[in-house]
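Hi everyone, thanks for coming. Let me put the sequence and the structure up on the screen, and then we can walk through some side chains together.

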Amino acid sequence: AKKTSFAAAAKAAVVASESPSPPAPLQRNISTKLRRRPAPDGHRDSTVGALSGLNEGGEIEDDGARLLVEAQANSQYFRGFLQDIDVLTKALSIVHFDPAETILQEGEPGTWVGLLLSGSLEVIVGGKCLRVMQPGDFVGEMILWFGGVRQGTVRGGAEGGVVGSVLVSELHELSQIQPELTMRFLTAACRQSYASHKLHDSAQF
């Protein structure tokens, strides 16, 4: 999984905006730094004990793989993906965010979905914090069902953290190669969306 930071993403977005043919409107979020890349290779029948990120001592060396495994242990919705860690590690970009840093801004186009892998995130709607997200929670998943722009703001908690993110367009590509995995991923995201929508009577985050 490729690592980057939101600060680097913002700088890259500013540089891109000064080019003769600027891309889509600037967004201070993950989508400004994500790069198009081939979807993961065909799924390997693997388990946690056979991850390519394991060293000789059986410890997970790849930070993305380790965080994905840890997130599943605590998540209510992101569960049952241990055999898919290799594929998910390749599909997700690992993004570090700072304390109180905004990673989703109300009103901006929704172009990506992710998983909170460490730290916490606050969901802000109407100036109020509706809930605090924990590792294993999906981030921005409601855009998959409603499309359009974000209807809330999401910002980092006191300690900062890490998000594993993927462009919606790349999820479409992944579905062509890994349809069963993609369906389970979307089903898990849908379950969280339904619970959040029912609890807060709100739309896209």
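Let's begin with Arg131 and Asp137, whose side chains meet in a salt bridge at 4.0 Å, N to O. By salt bridge I mean a side-chain nitrogen of Lys or Arg within 4 Å of a carboxyl oxygen of Asp or Glu. Are these two buried or exposed? Arg131 is buried, with a relative accessible area of 17%, and Asp137 counts as buried at 14%. Here buried means under 20% relative accessible area, exposed means over 50%, and partly exposed is in between, using a 1.4 Å probe and protein chains only.

A quick word on where this comes from: it is a predicted model, so local features need pLDDT of at least 70 and side-chain atom pairs count only at pLDDT 80 or more, while totals for chains, interfaces and linings use all residues. Residues are numbered from 1 along each chain as its sequence is written, and side-chain values use heavy atoms, leaving out hydrogens and water.

How many salt bridges does the structure hold? There are six. One of them pairs Arg184 with Asp84, with the closest N and O atoms 2.6 Å apart. Arg184 sits in helix H6 (residues 179-200) and Asp84 in the loop between helix H2 (63-74) and helix H3 (85-91), so this pair ties together parts that are 100 residues apart in sequence. Helices (H or I, at least four residues) and strands (E, at least two) are DSSP runs, numbered from the N terminus. Asp84 is buried at 2% relative accessibility, whereas Arg184 is partly exposed at 22%.

Arg184 also has a salt bridge with Glu180, again given as 2.6 Å, N to O. Those two are four residues apart in helix H6, so about one helical turn separates them. Elsewhere, salt bridges that share partners join Asp63, Arg66 and Glu70 into one network.

Now look at H2. Its 12 residues reach 17 Å from first C-alpha to last, close to the expected 16 Å; the expected span is 1.5 Å times one less than the number of residues. Its buried residues include Leu67, Leu68 and Val69. Among the elements covering the buried residues of H2 are H3 and strand S4 (112-125), where contact means heavy atoms within 4.5 Å.

Last, how many disulfides are there? Zero, in a search of the whole structure, counting cysteine sulfur atoms within 2.5 Å as a pair. Cys129 is partly exposed at 42%, and Cys190 is partly exposed at 37%.
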